[in-house]
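Please read them with the structure open.

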Amino acid sequence: SRGNEGNADVRYPACYTDYQVINVGASGTNGAYMDGTNGDSWWASSFGLSVDLVAPGTTQIVSVPNNPNHPMHITASCSTFGSNGEYECFNGTSSATPHVAGVAALMMSRHNTVLGYHNNLAPEDVEFLLQKYATDKGATGYDDYNGFGLLNAGAVVAQLDSKQQGYRP
C-alpha cells in the first residue's frame with residue numbers, strides 16, 4: 001500500500017523497484033486517485049512515480065465484517081451498517097491493496113500447470129497484466145496519481161481465459 005499521506009514521499013515496501021512488488025494507491029468513489037474530494041474528506045492517497053495502479057479505498061465503497069472484539073476495531077470515523085450492524089467501513093491504501101492481492105490470487109488460480117495449462121504466471125506477468133488491463137483514469141496512459149489506472153479484475157480474467165483456449169494438453 002502506497003500510504004495515506006497525500007504526498008509523493010517514498011514509502012517501503014511499496015516503493016521497492018523490484019518487479020515482485022505492486023505499488024497500490026487508493027481510488028475514490030469515481031474510480032480515480034483518492035484526493036479527499038471523491039470520498040473521505042480527511043485523507044488522500046499518496047502518489048508518485050512508482051504507483052502501479054489504484055483500487056477501491058474509500059469508506060463509501062469498502063466495508064468489512066464488524067468485529068468489536070478485534071484489536072484493530074474501527075470506532076472513530078465510520079458507523080456500522082447492515083441489518084444488524086454487521087459491517088463497518090474500511091479505507092485507505094490498506095483497503096485498496098487486498099483488492100489487488102485478491103485479483104492476483106485469482107489470476108494465479110486460473111492459469112497454472114495444476115489446471116493443465118502449459119505455463120504458470122510469473123510475478124512479473126501478474127504485475128504486467130494488472131497494469132495492462134487496468135481502466136485508465138486521469139491523464140491518458142501512466143500518471144503519478146493513478147499509475148496505469150483502476151484495477152479491473154474482469155478485464156484481466158477475461159484476457160487470461162481467452163489466452164487459455166487451446167492450451168490444454
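The points below go from the whole chain to single residues.

1. Basis. This is a predicted model, in which local features need pLDDT of at least 70 and side-chain atom pairs count only at pLDDT 80 or more, while totals for chains, interfaces and linings use all residues. Residues are numbered from 1 along each chain as its sequence is written, and side-chain values use heavy atoms, with hydrogens and water left out.

2. Overall layout. The chain has 3 helices and 4 strands. Helices (H or I, at least four residues) and strands (E, at least two) are DSSP runs, numbered from the N terminus. Along the sequence the order is β-β-β-β-α-α-α. Of the 169 residues, 38% are buried. Buried means under 20% relative accessible area, exposed means over 50%, and partly exposed lies in between (1.4 Å probe, protein chains only). Of the contacts between residues at least 6 apart in sequence, 59% join residues at least 24 apart. A contact means heavy atoms within 4.5 Å.

3. Helix pair. The axes of α1 (residues 93-110) and α2 (residues 123-132) come within 11 Å and cross at roughly 115°. Axes here are lines fitted to C-alpha atoms, for helices over the stretch in contact, and angles run from 0 to 180 degrees between N-to-C directions. From α1, the contact uses Val100, Val103, Ala104, Met107 and Met108; from α2, it uses Val126, Leu129 and Leu130. The residues of this contact divide into 8 nonpolar, no polar and no charged. Ala, Val, Leu, Ile, Met, Phe, Trp, Tyr, Cys and Pro count as nonpolar, Asp, Glu, Lys and Arg as charged, and the others, Gly among them, as polar.

4. Ala101. This residue also lies in helix α1. Ala101 is partly exposed because its relative accessible area is 46%.

5. Ser46. Look in the loop between β1 (24-27) and β2 (53-56). Is Ser46 buried or exposed? Ser46 has 1% relative accessibility, so it counts as buried. A polar atom of its side chain lies 3.1 Å from the backbone nitrogen of Glu5. The Ser46 side chain also reaches the backbone nitrogen of Gly6, at 3.4 Å. A polar contact is a pair of N or O atoms within 3.5 Å; within protein, one must be able to donate a hydrogen and the other to accept it, and residues adjacent in sequence count only if both atoms are side-chain atoms. Leaving out residues up to four places away in sequence, Ser46 touches residues including Arg2, Asn7, Tyr33 and Val51.

6. Asn38. The loop between β1 and β2 also holds Asn38. Asn38 counts as buried because its relative accessibility is 6%. Its side chain reaches the backbone oxygen of Tyr33 at 2.9 Å. Beyond four places in sequence, its contacts include Gly28, Thr29 and Thr58.

7. Salt bridge. The whole structure holds 1 salt bridge, meaning a side-chain nitrogen of Lys or Arg within 4 Å of a carboxyl oxygen of Asp or Glu. Arg11 pairs with Glu5, with the closest N and O atoms 3.4 Å apart. Arg11 is partly exposed at 33% relative accessibility. Glu5 is partly exposed at 42%.

8. Cis bond. Check the peptide bond from Tyr12 to Pro13: it is cis, with omega near 15°. Pro13 sits in the segment before β1.
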